[in-house]
Amino acid sequence: MANEYPVNTSQLIVTKTDMDGHIVHANDVFCEISGYDKSELLGENHNIVRHPDMPHVVFKLLWVKLLDGQEVYAFVKNLRKDGRYYWVFANAKPTTDKYGEINGFISVRKAANKSAVVQIEKLYKKLNTLESPGRYGDAAVKLKELLESNGIKYNDLVKRLQKGERLL
């Protein structure tokens, strides 16, 4: 696979999407890091930067939590336009209209802790081996077992990894 693209640790990467995951706002940092012009991103599904190494079950978990109105954290390996990849620590949450109804999502990302990436890559590889097209069951069970065996919730796990703890 292509080389890793460095993410500046002081930069915040921000996108907003509609309910279907189409990008309605991308800050200049996201454009720079993803390698796309803003005009190429607006209106596109956010999965335009989805790296094939990312387990489907992680995104399924994210969407379930977001559609339930919850804030979620995750480590995400993204694919740049030029084929290189970059790792981020993402915080995503729903946005609401004046009636409190979810009308989209905002995600703020920053550089992922390198020691956390080493740990999470092992987990993601294992989850990918358990997934088959259209079937996430075995990977979802494995992820749930891992979390329960550590007595920790997903958001807490990824936040602790980002702080540099060795958990996996």
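Trainee: What makes the contact between Lys81 and Glu40 a salt bridge?

Mentor: In this predicted model, the side chains of Lys81 and Glu40 meet with N to O at 2.5 Å, and a salt bridge requires a Lys or Arg side-chain nitrogen within 4 Å of an Asp or Glu carboxyl oxygen, so the pair qualifies. The pair links distant parts of the chain, 41 residues apart, with Lys81 in the loop between strand E3 and strand E4 and Glu40 in helix H2.

Trainee: Why is Lys81 called partly exposed?

Mentor: Its relative accessible area is 46%, and partly exposed lies between the buried limit, under 20%, and the exposed limit, over 50%, so Lys81 belongs to that class. Glu40, with 27%, is likewise partly exposed.

Trainee: How do you know that Asp82 forms a salt bridge with Arg84?

Mentor: The closest N and O atoms of Asp82 and Arg84 are 2.9 Å apart, and because the cut-off is within 4 Å, the pair counts as a salt bridge. Asp82 is partly exposed at 42% relative accessibility, as is Arg84 at 28%, and a network of salt bridges links Arg80, Asp82 and Arg84.

Key: Residues are numbered from 1 along each chain as its sequence is written. This is a predicted model: local features need pLDDT of at least 70, side-chain atom pairs count only at pLDDT 80 or more; totals for chains, interfaces and linings use all residues. Side-chain values use heavy atoms; hydrogens and water are left out. Helices (H or I, at least four residues) and strands (E, at least two) are DSSP runs, numbered from the N terminus. Buried means under 20% relative accessible area, exposed over 50%, partly exposed in between (1.4 Å probe, protein chains only).
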